[in-house]
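Here is a short tour for you to follow with the model open beside you. Please take a look, and then read on.

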Protein chains: 2
Amino acid sequence: MTKQQTWTAALVVIGDEILSGRTQDRNIAQVATWLNQQGIRLAEVRVVPDEEGRISEAVNSLRASHDYLFTTGGIGPTHDDITVDSIAAAFGVPVIVHPEARRILEEYYRARGGTGELTEARLRMARVPEGAELIANPTSGAPGVRIGNVYILAGVPHIAASMLEALTGTLEGGRPIVSVTVGAYAAESEVADLLRETEAGHPGVAVGSYPFFRDGRYGANFVMRSEDGEAAQRCAEDLVRDLAVAGYEVVAGGI
Amino acid sequence: MTKQQTWTAALVVIGDEILSGRTQDRNIAQVATWLNQQGIRLAEVRVVPDEEGRISEAVNSLRASHDYLFTTGGIGPTHDDITVDSIAAAFGVPVIVHPEARRILEEYYRARGGTGELTEARLRMARVPEGAELIANPTSGAPGVRIGNVYILAGVPHIAASMLEALTGTLEGGRPIVSVTVGAYAAESEVADLLRETEAGHPGVAVGSYPFFRDGRYGANFVMRSEDGEAAQRCAEDLVRDLAVAGYEVVAGGI
């Protein structure tokens, strides 16, 4: 097998509401899942507050060390929406009004019964770093933005999801990561040796262990992950057999 | 009013399962909420994979720049639980078996019907960086670990919660952040100017805006956050008045 290039991405989640605990983040999991489907591995996430210096620093650090960088949050019309300004600063370019974004917003607000005239607040959502392209937003008008390898998405999870949908298939990636799950009513600490040996016996497959306590019983789900789906499957079959031989109740597919 | 010191913390969430999208993180929100109650502000979060170099790098970067650093994940008995080793490496100290942790685990497994003898896997959970102290784990035996300003917690959210409970009131902090929420059926883009002016008129209060679309209506919740609870309250009262004057349906406490 020839060595495959591994494509990686980082994610910067922008928002005081996440760091205050007010809002439960949903974007990490959905961006991660979508990236896997594109054959790209999410390698790091940072959550930063609504502060230009902190956003710029995270963006410049992570866009240099990964193939792609995604951000969520801070692209709405209010004073605390400073993502575009911060990323323009990170790239050292001015912020401009994107003509196509302006047209999209005028049409969007006209369709909602107004004149289509953009207030200063609404016009904020047409601002992009100079040199940027738009990412379609089929849900709510205001587009996302791409500049270089940085993809700027909305913070509201269902809007971020629709922007990801618009990007599906457009990014260069490797083979998707395949994961196969095996569940067993076994205490992690009793099967730790078996898991380590299983992983060692299947190069290229990572074996994760995720314990639970449910309905009065201890158990764990074991996840084989690999770019080689057949290798992950063989590893899972070996683990199912070995757990069963050791006397545990095993559930292929996970519990 | 004398200037209050602001205490800050960072959080490193450790785990391939978060970065693969398999597991929805719950620890960011619960650590953030708990820190607020201790008068400490969560200033940054990083999510990193189960790789020693990546964990050590994040820990060393963030423990130097914040008063406190918390980690979640990777302290169980299996081969992918490498948090203790990684943090020992970050501090440049060896890993030792902590006698009290060993005693706690022996007692825990004896109470569950065994001999109390620790397998190699279970003994892993008694390992700490040299010089560390334990954090009580009322839920499941295996303790958390503190070394310097680094607090090492479990990844399973209800176990992490019980460790936080054990730490409540033991960390030096400032005044808790008070937040007051006001909801209104108003499109964010229509009230953006009003919000900016409201924030400008109340120094020391941050005003966040969180839009929603529910039951066919557009609205937003506006959150005033401050270490000065009375200032946050005054700001909220002004905003309620101004939104009502502008003709919006306002709900004190949020929608």
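## Around Ala90(B)

Setting aside neighbours within four places in sequence, Ala90(B) is in contact with Ser56(B), Val59(B) and Asn60(B); contact means that C-beta atoms, placed from the backbone, lie within 7 Å. This is a predicted model, where local features need pLDDT of at least 70, side-chain atom pairs count only at pLDDT 80 or more, and totals for chains, interfaces and linings use all residues. Residues are numbered from 1 along each chain as its sequence is written, while chains are lettered from A and ligands numbered from 1 in the order in which they are written.

Ala90(B) sits in helix H4 (residues 83-91) of chain B, helices being DSSP runs of H or I with at least four residues, numbered from the N terminus. Ala90(B) is buried because 22 other C-beta atoms lie within 10 Å, and the cut-off for buried is 20 or more.

## Two helices in chain A

The axes of helix H2 (residues 27-37) and helix H7 (residues 157-167) of chain A come within 10 Å and cross at roughly 15°; axes are lines fitted to C-alpha atoms over the stretch in contact, with angles from 0 to 180 degrees between N-to-C directions. H2(A) and H7(A) are therefore roughly parallel to each other, a label for angles under 35 degrees.

H2(A) contributes Asn27(A), Gln30(A) and Trp34(A) to the contact, and H7(A) contributes Pro157(A), Ala160(A), Ala161(A) and Leu164(A).

## How the chains relate

Notes:
Buried ≥ 20, exposed ≤ 12 C-beta atoms within 10 Å, placed from the backbone. Contact = placed C-beta atoms within 7 Å. Parallel < 35°, antiparallel > 145°, perpendicular 65-115°, else oblique.
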